[in-house]
Amino acid sequence: MVEAERSHKEVVVEYSGSRLRVDVDEKGFYVCPLCGALFTSPRDLVSHVIGHALGLPDARRASPERL
Ligand SMILES: [Zn+2]
């Protein structure tokens with residue numbers, strides 16, 4: 001799953017018909033384009049970004065989720 005890539009690469013995550021272009025860092029974490037929080041799966045990132053859109057206070061500074 002994690003391949004040897006230089007620093008960042010970019011992936012497109014689709015969710016409910018919306019497309020988000022996000023960076024993936026060298027460790028394979030998905031990077032929130034709004035606040036830089038790291039997520040292990042695109043699904044977690046998408047729900048986090050939706051939190052931004054809804055103005056949820058705890059979405060502003062989230063740590064990597066471990067589920
Ligand atoms: Zn964020």
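Modeller: Let's start with touching: two residues are in contact if their C-beta atoms, placed from the backbone, lie within 7 Å. Leaving aside residues up to four places away in sequence, Leu 45 touches Val 13, Val 22, Tyr 30, Cys 32 and Phe 39. This is a predicted model, in which local features need pLDDT of at least 70 and side-chain atom pairs count only at pLDDT 80 or more, while totals for chains, interfaces and linings use all residues. Residues are numbered from 1 along each chain as its sequence is written.

Biologist: Which residues make up the largest nonpolar core?

Modeller: First, a residue is buried if 20 or more other C-beta atoms lie within 10 Å of its own, exposed if 12 or fewer, and partly exposed in between. A nonpolar core joins buried Ala, Val, Leu, Ile, Met, Phe, Trp, Tyr and Cys residues through C-beta atoms within 7 Å. Here the largest one has seven residues: Val 24, Tyr 30, Cys 32, Ala 37, Phe 39, Leu 45 and Val 49.

Biologist: In what order do the strands lie in the sheet?

Modeller: Strands (E, at least two residues) and helices (H or I, at least four) are DSSP runs numbered from the N terminus, and two strands pair if DSSP finds at least two bridges between them. In this model four strands make an open, antiparallel sheet in the order β1-β2-β3-β4. Strands β1 and β4 (38–39) stand at the edges with a single partner each, so one side of each has no neighbour in the sheet. Seven bridges link β1 and β2, with Val 13 opposite Leu 20 in β2. Between β2 (residues 18–24) and β3 (residues 30–31) there are two bridges, and Asp 23 has Val 31 as its bridge partner in β3.

Biologist: What happens in the turn of the β1 and β2 hairpin?

Modeller: Two residues lie between these strands, and Ser 16 takes a positive phi near 50°.

Biologist: How many residues of β1 are buried?

Modeller: Zero of its seven residues, so to speak a strand that is hardly covered. Take Val 12, which belongs to β1 (residues 9–15): it counts as exposed because it has 9 C-beta neighbours inside 10 Å. Val 12 still touches Arg 19 and Arg 21, again not counting residues up to four places away in sequence.

Biologist: Now the helix: which of its residues are buried?

Modeller: In α1, these are Asp 44, Leu 45, His 48 and Val 49. They cover an arc of only 135° around the axis (taken from the directions from the helix axis to the C-beta atoms), which puts them on the same side of α1. Their cover includes β1, β2, β3 and β4. On the face turned away from the buried side, α1 carries the exposed residues Ala 53 and Leu 54. After the helix comes Gly 55, with a positive phi near 80°.

Biologist: What span should α1 have?

Modeller: The expected span is 1.5 Å times one less than the number of residues. For the 13 residues of α1 this gives 18 Å, and the end C-alpha atoms are 18 Å apart, which agrees.

Biologist: Where is Asp 25 found, and what does Asp 25 touch?

Modeller: Asp 25 sits in the loop between β2 and β3. It is partly exposed because 14 other C-beta atoms lie within 10 Å. Asp 25 touches His 8, Val 31 and Leu 38, not counting residues up to four places away in sequence. Asp 25 and His 8 are 17 residues apart in sequence, yet 4.8 Å apart from C-alpha to C-alpha.
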